[in-house]
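This report goes through selected local features of one protein model.

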Amino acid sequence: MPELLVELFSEEIPARMQRKAAEDLKKAVTNALVDAGLVYEGAKAFVTPRRLALTVTGLPARSPDTHEERKGPRVGSPQQAIDGFLKAAGLGSIDEAKIEADPKKGEFYVAHIDKKGAEATDILATLLPKVITGFDWPKSMQWGNGGLTWVRPLRAITATFGTDNDEPVVIPFKSNTVASGQTTFGHRFLAPEAIRVKRFDDYVQALEKAKVVLDIDRRKEIIKADADNLAFAQGLSVIHDEGLLEEVAGLVEWPVVMMGSFDPAFLEVPEEVIIATIRANQKCFCLRDSAGKLAPFFIITSNQIAADGGKTIVAGNERVIRARLSDARFFYQTDLSLPLEHGLPKLEESVFHAKLGTQFQRVERLVKLSGEIALKVGANPELAKRAAMLAKADLTTGMVGEFPELQGIMGRYYALAQGEPLAIANAIADHYKPLGPTDLVPGEPVAIAVALADKLDTLKGFWSIDEKPTGSRDPFALRRAALGVIRIVTDNNLRFPLEVEPDLLSFFHDRLKVTLRDAGARHDLVDAVIGKDSNDMLEITERVEALSKLLGSEDGRNLLAGYKRAANILSAEEKKDGKSFAAPVDPALLSLSEEATLAEAIASVDTAVAAKVAANDYQGAITALATLRQPVDKFFEAVLVNDPDVAIRANRLSLLTKLRDTMRLVADFSKVAG
């Protein structure tokens with residue numbers, strides 16, 4: 001079957017937009033193909049700095065003929081309804097519709113619509129320019145006289161359609177002033193000549209000869225492998241950075257890896273500063289020596305094969321990096337000359353949020369809250385308050401002003417240099433953590449106190465002004481803050497009940513559910529242990545783990561079945577009698593040994609479970625609960641709950657109520673599936 005090849009050749013596309021643009025092109029074209037009746041076998045998109053490309057295989061030469069029956073209004077309906085039917089069905093008059101009868105609804109109109117298929121080339125000639133015109137770039141520009149907005153000026157469009165054996169046809173259309181054809185171009189510097197292509201296979205081969213690696217993931221593999229090999233040969237290792245690798249692969253069509261160096265004297269500056277400087281300004285990778293220390297070398301990814309072996313390119317990068325590192329050293333030394341505390345007054349000039357005050361006012365809240373939390377997490381309150389006071393001070397430094405991503409990190413360096421205790425310095429660095437699901441959480445008590453204060457103040461503050469996340473919108477990263485609180489508490493095994501309003505507590509519950517489900521917990525077990533007032537995230541987590549273990553055993557599954565049976569009986573009888581059966585069980589009315597045994601077991605287990613729960617021993621509570629399995633089974637085998645004797649029946653229903661209440665000390669088993 002024929003294949004489609006599309007290439008949109010342009011000026012340089014920003015690296016950050018490339019991968020999504022390729023996927024958007026594939027989605028837009030394939031969706032349009034399916035809507036037009038052209039079902040395909042496969043599609044794959046590619047991107048380089050100067051081109052978006054798409055191949056769609058297994059396309060039919062034409063769309064199929066179709067027949068549709070569209071049911072209309074009943075015969076005799078108002079003219080308005082008939083006119084709407086005619087318009088929707090594409091009929092000129094009601095005489096073109098057939099009348100069919102329905103035994104229940106009477107006679108009604110039916111339109112029989114036959115549509116002839118169309119040639120794939122004609123369909124493509126219509127849909128491709130629409131895809132280009134409607135393409136959604138984060139930022140775009142307009143050029144020429146055609147009115148088309150695009151991320152950068154389009155220079156050529158390739159659009160061919162055909163089989164492996166035939167000369168493909170060019171899909172004829174125009175975008176702006178650019179007409180489609182089958183001509184592309186190679187590398188801007190190494191092979192800029194025009195290239196005539198037919199179909200995808202020869203297109204890829206031709207580009208490779210013209211020094212263009214079409215697949216961005218292959219360019220990434222080349223850069224990573226060559227960088228690792230070059231570093232290894234010098235006894236070094238690359239500091240891998242996936243974000244930088246993605247960006248660099250989007251800057252080159254033919255990656256050539258080289259190594260440069262800088263003056264080792266710059267290593268007196270914190271390594272995070274050096275890495276950030278080299279990354280931000282020159283898009284280069286830094287290196288470590290065999291001892292794991294930062295080495296005075298860096299990896300450049302060039303888009304050229306230089307005649308001098310890259311000496312000029314390396315020298316140019318070294319010159320720029322030397323200047324940038326000199327600036328960084330100046331910022332660092334200037335910042336060191338002033339105590340961190342001197343930056344606090346400047347925080348009064350920085351607005352945190354119009355309704356929540358300045359950064360300085362926020363620091364005042366953090367100091368108070370950190371001292372309170374410190375008492376609950378085993379931290380020294382005075383150290384926690386001091387750390388909270390200094391936590392945001394580095395926001396006023398020159399270094400953080402240049403590299404905002406170093407906030408906290410630089411504060412730690414400055415705090416240590418100025419003689420602050422290690423616990424305070426670490427808290428300054430760690431109080432932003434965790435920044436993501438793979439980031440480590442603070443582990444020292446003082447850092448824990450300040451990190452929790454930072455996130456809880458953010459959440460409580462934005463909740464108080466009704467700035468809550470909605471749908472996918474979360475401009476203040478409140479979901480991340482809540483997940484951070486949960487991870488800090490659970491990873492450090494902290495008993496830290498959240499003292500927040502119900503609506504915010506519900507938000508925490510939702511975030512915890514996501515976390516537990518991502519970790520493999522069953523959603524029904526999570527729902528079973530979370531009550532509306534459950535404010536201890538560690539307790540919820542431990543209950544889910546214990547309940548999961550119980551229900552993974554035969555005793556647990558059988559006990560759940562017994563619970564469900566008891567709950568169903570109780571529900572039916574409570575509804576029938578219009579009352580609950582919460583009266584104490586009367587031992588004198590326990591005429592059968594099985595019900596007496598169950599009553600004794602429930603009384604014993606109820607006491608044990610309550611004690612275990614109070615001691616936060618949920619595994620112990622679950623173990624005690626599991627012992628009810630056998631007496632519950634025997635009860636239902638031997639005992640008729642709805643005894644003819646009214647008193648005995650009520651007593652047995654009270655016994656089942658006690659069973660239900662005892663099991664609910666651990667979880668709401670009514671929410672457990674099975």
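## Cysteines

In this predicted model, the sulfur of C286 has its closest cysteine sulfur in C284, 8.0 Å away, which is too far for a bond. A disulfide calls for two cysteine sulfur atoms within 2.5 Å. The count of disulfides in the model is zero. C284 is accordingly in no disulfide, and the nearest cysteine sulfur to its own is that of C286.

Are these two cysteines buried or exposed? C284 has a relative accessibility of 2% and counts as buried. C286 is also buried, at a relative accessible area of 3%. The cut-off for buried is under 20% relative accessible area.

C286 stands opposite F298, a residue of strand 18. Strand 17 covers residues 285-288 and strand 18 covers residues 294-302; the two run antiparallel and are joined by four bridges.

## Aromatic pairs and clusters

The model has 13 aromatic pairs. One of them is formed by F200 and Y203, with ring centres 6.3 Å apart and 40° between the planes, a tilted arrangement. Both residues sit in helix 4 (residues 200-209), and because they are three residues apart there, about one helical turn separates them. F200 is buried, with a relative accessible area of 14%, and Y203 is buried at 0%. F330 and F331 form another tilted pair, with a centre-to-centre distance of 6.3 Å and 55° between the planes. In that pair, F330 counts as exposed at 54% relative accessibility, whereas F331 is partly exposed at 25%.

F200 and Y203 also take part in an aromatic cluster, together with F46.

## Charged groups over rings

Which side chains place a charge over the face of a phenylalanine ring? K71 lies over the face of F108, at 4.4 Å from the ring centre. R362 lies over the face of F352, and here the distance to the ring centre is 4.5 Å.

## The largest pocket

Rolling a probe the size of a water molecule over the atoms shows where empty space is left. The largest pocket in this model has a volume of about 1100 Å³. How many residues line the largest pocket, and which of them lie nearest its centre? The lining has 42 residues, and those nearest the centre are E405, Q407, Y432, L435 and R480.

Helix 7 gives the most, with five residues.

## Backbone features in two loops

The loop between helix 13 and helix 14 holds P434. The peptide bond that leads from K433 to P434 is cis, and its omega is near -5°.

Where is D466 found? D466 is in the loop between helix 14 and helix 15. Its phi is near 60°, a positive value in a residue other than glycine. D466 is exposed, with a relative accessible area of 55%. A477 is placed in the loop between helix 14 and helix 15 as well, and has a phi near 55°, again positive in a residue other than glycine. A477 counts as partly exposed, at 24% relative accessibility.

Note on methods. Residues are numbered from 1 along each chain as its sequence is written. This is a predicted model: local features need pLDDT of at least 70, side-chain atom pairs count only at pLDDT 80 or more; totals for chains, interfaces and linings use all residues. Side-chain values use heavy atoms; hydrogens and water are left out. Buried means under 20% relative accessible area, exposed over 50%, partly exposed in between (1.4 Å probe, protein chains only). Two strands pair if DSSP finds at least two bridges between them. Rings of Phe, Tyr and Trp (its six-membered ring) pair if their centres lie within 6.5 Å; planes under 30 degrees apart count as stacked, over 60 as edge-to-face and the rest as tilted. A charge sits over a ring if NZ of Lys or CZ of Arg is within 6 Å of the ring centre and within 35 degrees of the ring normal. On a 1 Å grid over the protein atoms alone, a cavity is a set of points where a 1.4 Å probe fits but cannot get out, and a pocket is an open set with protein on both sides within 12 Å along at least five of seven lines; lining residues have an atom within 4 Å of a point. Grid points are joined across faces, edges and corners, and a volume is the space filled by probe spheres set on the points.
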